[in-house]
Amino acid sequence: MNKCVLITGATSGIGLATAHVFAANGYDLILTGRREDRLNKVKEEILQSSSVNVTLLCFDVRHYSECEKAMESISQPIDVLINNAGLARGLDYVYEGKIEHWDEMIDTNIKGLLYMTRLVSPGMVARKSGHIINLGSSAGKEVYPKGNVYCATKFAVDGFTRAIRTEMHVHNVRVSQISPGHVEETEFARVRFEWDEERAKIYNDFNPLTAKDVAESIYFIASRPPHVNINDIFVMGTQQAGNMIIDRTGRRFDPI
Ligand code: NDP
Ligand code: 8X3
């Protein structure tokens, strides 16, 4: 029987790239997201190149009842949970911030991740086997102006990841985090700026990581021998050295 990975937020960006990498390595996939048409398209694409089982779950991680209902429909044991669904909304000083942006980030990045962990972890503890991999961010390592609430959510992910590792190691459940800097081939910037395509052009003058780079690092975390737990991978593109330290003199690594 194939191993099984559940990836939240697999309709685009890092989650989508991660689905392709795990499928290529023979994992059955449980893919989640809110956009059903996208989920169906992802499944179709993956089945063109691999013969793994792909299960789709369309729900909003912000609502515990939806998470619970979705997980009740799953009988296959989950070997790896990748808590990837997340977003930034806005880039504003705290004294000008929009409450609806804050609520959406907190409910998705923190509460959604907690809900999915609460629902999937009991099976892992019972089986004495499993791996939880959370999407943190460079924003959960270093703060930056106007990052306030997004940074706070990713610091929460960092703290939660470290805290639950102290509980799960005795059950042979691995707990890891990946903390990337800027990542392109995602909808992150477009979502942050509410589909203002001009504002979302933030990668025109440097090469950030690609979604595939992050996906490969996630697979590296998951594919270590069972006695190895990668606690965290803090990774950036070569032209980035901090959230506010970016060499914006051009896309040095694009193929000519
Ligand atoms: P994308 O916007 O491309 O992907 C986000 C995914 O999350 C989508 O599949 C989206 O699916 C899903 N999602 C968002 N909200 C919800 C929700 N309420 N319920 C269910 N699914 C949801 O961005 P990225 O791939 O960049 O983001 C993935 C993760 O990586 C996030 O946690 C982000 O914070 C983190 N990250 C991103 C970086 C970047 O620069 N891009 C850098 C560091 C970390 P749908 O809309 O279909 O529900
Ligand atoms: C995404 C990276 O710098 O936009 O987590 O916060 S950043």
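What follows is a conversation about helices and their contacts.

Modeller: This is a predicted model, in which local features need pLDDT of at least 70, side-chain atom pairs count only at pLDDT 80 or more, and totals for chains, interfaces and linings use all residues. Residues are numbered from 1 along each chain as its sequence is written, chains are lettered from A and ligands numbered from 1 in the order in which they are written, and side-chain values use heavy atoms, with hydrogens and water left out.

Colleague: How many residues does helix 7 have?

Modeller: Helices are DSSP runs (H or I, at least four residues), numbered from the N terminus. Helix 7, residues 211-222, has 12 residues and spans 17 Å from first to last C-alpha, close to the 16 Å expected at 1.5 Å a residue; that expectation is 1.5 Å times one less than the number of residues.

Colleague: Which residues of helix 7 are buried?

Modeller: An α-helix has 3.6 residues a turn, so residues three or four places apart point the same way. Buried means under 20% relative accessible area, exposed over 50%, and partly exposed in between, with a 1.4 Å probe and protein chains only. In helix 7 the buried residues include Ala211, Val214, Ala215, Ile218 and Ala222. Tyr219 counts as buried because its relative accessibility is 18%.

Colleague: At what angle do helix 1 and helix 7 cross?

Modeller: Axes are lines fitted to C-alpha atoms, for helices over the stretch in contact, and angles run from 0 to 180 degrees between N-to-C directions. The axes of helix 1 (residues 13-24) and helix 7 cross at roughly 55° and come within 8 Å, which makes helix 1 oblique to helix 7; angles under 35 degrees count as roughly parallel, over 145 as roughly antiparallel, 65 to 115 as roughly perpendicular and the rest as oblique. Contact means heavy atoms within 4.5 Å, and among the residues making it are Ala17, Val21 and Phe22 of helix 1 with Val214, Ile218 and Tyr219 of helix 7.

Colleague: What is Tyr219 in contact with, leaving aside its neighbours within four places in sequence?

Modeller: Tyr219 is then in contact with Val21, Phe22, Asn25 and Tyr27. The C-alpha atoms of Tyr219 and Val21 are separated by 7.2 Å, although the two are 198 residues apart along the chain.

Colleague: How far apart are the axes of helix 4 and helix 5?

Modeller: Helix 4 (residues 99-127) and helix 5 (residues 148-168) have axes 9 Å apart and pack at about 15°, so helix 4 is roughly parallel to helix 5. Their contact includes Trp102, Ile106 and Leu113 of helix 4 and Val149, Val157 and Phe160 of helix 5.

Terms used. Helix = DSSP H or I, 4+ residues; strand = E, 2+ residues; numbered from the N terminus.
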